[in-house]
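This report walks through a protein model for a reader who has not seen it before. Please look over the sequence and the structure before reading on.

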Amino acid sequence: MSEKYTPPCPHYRKCGGCQLQNLPYDEQLLFKQRMAISLLGEFGHVEDIIGMEEPTHYRNKVHAAFGLDRKKKIISGVYQSGTHAIVPVDSCMIEDKLADEIILDIRKMLPSFKIQAYDERSGTGFLRHVLVKRGFATNEIMVVLVVTSPIFKLQKPFLKKLLELHPEISTVVLNINDHFGPVVLGGREKVIHGKGYIEDLLCGYRFRISAQSFYQINPVQTEKLYKIAVDYADLKGTELVLDAYCGTGTIGITASGKARQVIGVEIVKDAVKDAIANAKLNGLKNCWFTAGDAGQYMEQMAAEGTKPDVVFMDPPRAGSDERFLNSLIKTAPKKVVYISCNPETLQRDLKHLIRGGYRVKKIQPVDMFPFTKHLETVVLLHKVREK
């Protein structure tokens, strides 16, 4: 640790979002490399971590919570780690600069339009959150206003002023969340400007991004991550590929150009709708997406005598459950490419797959989230014996 190093962000101690700001970036990479070796070194050689040339302002999705301070003044910013206390933030060194400017201008506009920020203590107020998503390749921008009621007084003049300040905004969505609790987005939406979605380019493919859809927040590193995953699969054009935990289809679509067929399975129905739309958007005929449990789907494939040649799996931070892993072992694809956002659950799952007849061939850490403790890793496994 650098004793004399001063964290560059003034909110470092209050916010808690960037846990490694006490280290220069090269030392952050060394810290994560050691973490990867400590947790995954037992399975084989761990390649040098792939960092960023410019590790700041990489987030293409920016979320600001709105509220009131003790003097009833409107504030916006981030929740202090582990709490619902808002740390006022005007600009963040890992967030997109333009997104921060838009949020700041919205906050400044509120008093003029008699819009009150939400007060969690009393349950009163109108504006709860502002979410800004930007397509770095297309420069399309979505602004999502999370509000407590669909009745937006002075909506037209507010929108007119916002677009005068930021004509680059492509679409504005009103998301209604009138429930008390930690969930940011509600289930109802109303498009008040533009198409209600934006598009971005990733690995040569076009993806539609809605208010609710998941999309990787660091496109620069995501391109590197997906290229490694597809290279590890070493597809020849004859393979049946299963994209488990497929989300909006980004990994499967990226691999589709080198595969015979891609099947994507995802338990979140809205994400599957986005995946289907993304396949159509790119004119792909060899991609098929379905809603369901990936483990159950593999069991069904095995029962029908069909098995994938390659499985891409990108589970949440909790990793995979035993049922999924057992289904994977039973289905016995020749190769598994595991994309992990948590090396601890990755370690646990790799042990299970090794007991089931797989061997780890390659391990590549990627720094997707500079200044934070999070670590992304791509692992290639080969089937070496029957269970």
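Which residue forms a salt bridge with Arg188? The partner is Asp178, and the closest N and O atoms of the two are 3.3 Å apart. The model is a predicted one.

## The sheet

Strand β7 belongs to an open sheet of 7 strands. Their order is β3-β2-β1-β4-β5-β6-β7, and the pairing is mixed. Strands β3 (86–88) and β7 (188–193) are the edges, each pairing on one side only. From one strand to the next, the twist averages 30 degrees.

Strands of a sheet pair through backbone hydrogen bonds, either parallel or antiparallel. Strand β4 (residues 127–134) and strand β5 (residues 141–147) run antiparallel and are joined by 7 bridges. In this pairing Val130 stands opposite Leu145 in β5.

## Helices on the sheet

Helix α3 (residues 97–109) lies across β1 (61–68), β2 (74–79), β4 and β5. Its direction is at about 20 degrees to β1. Helix α4 (residues 155–165) also packs on the sheet, where it touches β5, β6 (171–176) and β7. The direction of α4 makes about 60 degrees with that of β7.

## Other salt bridges

Side chains of opposite charge can pair when their charged atoms come close. The structure holds 12 salt bridges. One of them joins Arg107 to Asp90, with the closest N and O atoms 2.9 Å apart. Arg107 counts as buried, at 18% relative accessibility, whereas Asp90 counts as partly exposed, at 42%.

Glu199 and Arg206 meet through their side chains in a salt bridge of 2.9 Å, N to O. Glu199 counts as buried, with 9% relative accessibility, while Arg206 is partly exposed, with a relative accessible area of 30%.

## Aromatic rings

A pair of aromatic rings is described by the distance of the centres and the angle of the planes. The count here is 7 aromatic pairs. Phe207 and Tyr215 form a tilted pair, 6.4 Å centre to centre and with 50 degrees between the planes. Phe207 counts as buried, at 1% relative accessibility, and Tyr215 is buried as well, with a relative accessible area of 9%.

Tyr245 and Phe324 form another tilted pair, at 5.0 Å centre to centre and 50 degrees between the planes. This pair links distant parts of the chain, 79 residues apart. Tyr245 lies in the loop between β10 (240–244) and α6 (250–255), and Phe324 lies in helix α9 (residues 322–331). Tyr245 is partly exposed, with a relative accessible area of 23%, but Phe324 is buried, at 3%. Phe113, Phe126, Phe152 and Phe158 form one aromatic cluster.

## Charges over rings

Arg128 lies over the face of Tyr118, at 4.3 Å from the ring centre. The charged end of Arg208 sits over the ring of Tyr197, 4.1 Å from its centre.

Key. Residues numbered from 1 in each chain as written. Predicted model: local features only at pLDDT ≥ 70, side-chain atom pairs only at ≥ 80, totals over all residues. Heavy atoms only, no water. Phe/Tyr/Trp six-rings, centres within 6.5 Å; stacked < 30°, edge-to-face > 60°. Buried < 20%, exposed > 50% of the residue type's maximum accessible area, 1.4 Å probe, protein only. Helix = DSSP H or I, 4+ residues; strand = E, 2+ residues; numbered from the N terminus. Lys NZ or Arg CZ within 6 Å of the ring centre and 35° of its normal. Pairing = 2+ DSSP bridges. Axes fitted to C-alpha atoms, helices over the stretch in contact; angles between N-to-C directions. Contact = heavy atoms within 4.5 Å. Salt bridge = Lys/Arg side-chain N within 4 Å of Asp/Glu carboxyl O.
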